[in-house]
Amino acid sequence: MKLLTTTQPPTTSHRRSLQGAVHLSGVQKSFGQTCAVDGIDLDISPGEIVALLGPNGAGKSTAIDMLLGLTDPDAGDVRIFGEAPTVAASRGRVGAMLQSGGLPSELTVLELVELIRALYPTSLPTDEVLERARIGDLTSRRGDKLSGGQTQRVRFALAIVPDPDLLVLDEPTAAMDVESRQVFWASMREWASSGRTVLFATHYLEEADNFADRIVLLRQGRVVADGATTEIRALAGGRTLRCTLSHADLDGLGSLPGVASVSVHGHGVSMTCTDSDATVRALLERYPEAHDIEIGGAGLNEAFLALTATPGEEIHS
Amino acid sequence: MTGTYMRSEVRRTFRNPRYLIFALAMPLILFAAFGAAQSHNHLSGITVSAYIMVSMATFGAMSSVFSTGGAIAFERAIGWNRQLRITALTGRAYVAGKGFAGFAVAVPSLVLVFMAGALLSHVHLSAGRWLLTGVSILLALLPVAALGVWVGYMAKAQSVQAISGGVYSLLSLLGGLWVPVTVFPHWVLDIVKALPIYWVAQAGRQALSGSWVGWEGVAVLAVWTAILGAGAARAYKRNSASS
């Protein structure tokens, strides 16, 4: 059982232009009894590279579907460059790599690119698309004769066809090996360097850390932290305090200073701390019987898991 | 824009082995096996060869038009329809493009069987009569196109082939495409005439012999188009709303 006690309010350090790239306010979406997105507010300025980070079922894909106009929110407002998502998409201002992504098996890569080019009012020249996505060698290959990494590169190519101002990527590297990942992020970086906006969903903290300049942490359909990558890193990259305590109460432990999350297994207590010095002092004052105290550096991923852990049931989006 | 999309859809179908087998090869083989040699016997006012030629042409064209359903279900499964929805292609244009491709690839199915009829079984018609026969069959296939779209949005990709196979085998059998309806008992004939496929072939045969399908046939086809079209529209809307 884990309890999240500290949440960062959405950061104010990011400039909000009058016409942001992405604007979500009070957005909610349920599927039957399951609430996938439970009131998200998010503003992204043009030029930002934002990672939407969270475990499976946190609502990442549902949020992305809504900002692409693939799903209508039950409540709240979604705007892309001040327009309705479907309008922005049809005008080619948004490109997307969606999560589930097969390609039709009967068309070649070149035919796919040409097809998608024909479906936008304006698009990049074919050669430029092929070169940017590094798929020049795959043009005569059929859609079903590609490896996982190659498929993702082709899907990236299709996403940049309209030369979009905003690129949305839903777990783009999920099916890739390490090498493909590096190639992918390299072409991504190159693409984003010209000041375009990128929003990508991932459940790899490393990826968010390496590529984004802002991280939005989702848990159970809510934003639990939103800030510059360095801030989130500080929050996530704290220390772990372990001790043995016979009468541990989650609420009491969670209210200690400097605690980000608490988990209790029998008499064993494990806390993720942003300020372990303050925590250990307060711990001994309030629980003098605490013993076997151990403080260690928390792994980045471990801390991230603690931050986004779901206390109740898992939600499937 | 939609032109490129439709051309691309047609090209995809021509590369689909399922289409090549069921819509092109099978009708041709069945006609050659059962219809080609029957040019001296007569049935319903035309030669048995011509009768079976129209049945097989209808069967092939029906497979083509119905293949829309498989394409839609498959694209839903791999998420390709979502990729298209974030372009400027509207949902209606997506369905219309699929429907158009279905009818476009039905033309070769018809032409091949007609050519076999002319070359192997002395079915000689004026160019206008051939055209009218083909167009009558295509127009009468509208309810099948609607059924294809409906199935495409209702069925899962894993089951769509089985469902399609079952549905059009049943429709072909009850439409008298495999066995002439004259061998059916009366009560079966009543069912046959309440279903659309009998009238599709009938539209072809009547056009071939210089007549037309008649009001009863038009009425049955129109009612089925309305029912299946409404079902298809509802399934499409529900699908677009829930992504």
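This is a predicted model: local features need pLDDT of at least 70, side-chain atom pairs count only at pLDDT 80 or more; totals for chains, interfaces and linings use all residues.
**Chain B as a whole**

Chain B contains 11 helices and two strands. Followed from the N terminus, its elements run α-α-β-β-α-α-α-α-α-α-α-α-α. Chain B has a radius of gyration of 18 Å, close to the 18 Å that the globule rule gives for 243 residues, so chain B is as compact as a globular protein of that length. Along the principal axes, the C-alpha atoms of chain B fill a box of roughly 60 × 35 × 30 Å.

**First stop: α1 and α5 of chain B**

Next, select residues 2-14 of chain B, which form α1, together with residues 91-121 of chain B, which form α5. The axes of these two helices come within 9 Å and cross at roughly 45 degrees. α1(B) and α5(B) are therefore oblique to each other. Their crossing is right-handed. To see the contact, show side chains on both helices. α1(B) contributes B:Thr2, B:Tyr5, B:Met6, B:Glu9, B:Val10, B:Thr13 and B:Phe14. From α5(B) come B:Ala93, B:Gly97, B:Lys98, B:Phe100, B:Ala101, B:Ala104 and B:Val105. Coloured by class, this contact shows nine nonpolar, three polar and two charged residues.

**Second stop: α2 and α5 of chain B**

On the α2(B) side, select B:Tyr19, B:Ala23, B:Leu24, B:Pro27, B:Leu28, B:Phe31 and B:Ala32. On the α5(B) side, the partners are B:Val105, B:Pro108, B:Ser109, B:Leu112, B:Val113, B:Ala116 and B:Leu120. The residues of this contact divide into 13 nonpolar, one polar and no charged. B:Val105 belongs to the contact with α2(B) and also to the contact with α1(B).

Now select residues 48-78 of chain B for helix α3 and residues 142-154 of chain B for helix α7. Their axes come within 7 Å, crossing at roughly 20 degrees. α3(B) is therefore roughly parallel to α7(B). α3(B) passes α7(B) in a right-handed crossing. Among the α3(B) residues that meet α7(B) are B:Met62, B:Val65, B:Phe66 and B:Ile72. The α7(B) residues include B:Val144, B:Leu147, B:Val151 and B:Tyr153. B:Gly69 of α3(B) takes part, as do B:Gly148 and B:Gly152 of α7(B). By class, the contact has 12 nonpolar, four polar and no charged residues.

Display both chains and select the residues between them. In this interface, 19 residues of chain B are in contact with 24 residues of chain A. Which elements of chain B give two or more residues to this side? They are α1 (2-14) and α4 (80-85) of chain B. By class, this side of chain B has eight nonpolar, seven polar and four charged residues.

**Last stop: the domains of chain A**

Finally, select chain A and colour it by domain. The domain assignment places domain 1 at residues 16-234 and domain 2 at residues 238-308. The C-alpha centres of domain 1 and domain 2 of chain A lie 37 Å apart.

Conventions:
Residues are numbered from 1 along each chain as its sequence is written. Chains are lettered from A and ligands numbered from 1 in the order in which they are written. Two residues are in contact if their C-beta atoms, placed from the backbone, lie within 7 Å. Helices (H or I, at least four residues) and strands (E, at least two) are DSSP runs, numbered from the N terminus. Ala, Val, Leu, Ile, Met, Phe, Trp, Tyr, Cys and Pro count as nonpolar, Asp, Glu, Lys and Arg as charged, and the others, Gly among them, as polar. Domain bounds come from an automatic or database domain assignment. Axes are lines fitted to C-alpha atoms, for helices over the stretch in contact, and angles run from 0 to 180 degrees between N-to-C directions. Angles under 35 degrees count as roughly parallel, over 145 as roughly antiparallel, 65 to 115 as roughly perpendicular and the rest as oblique. A crossing is left-handed if the near helix is turned anticlockwise from the far one by less than a right angle, and right-handed if clockwise. The radius of gyration is taken over C-alpha atoms; the globule rule is 2.2 Å times the number of residues to the power 0.38.
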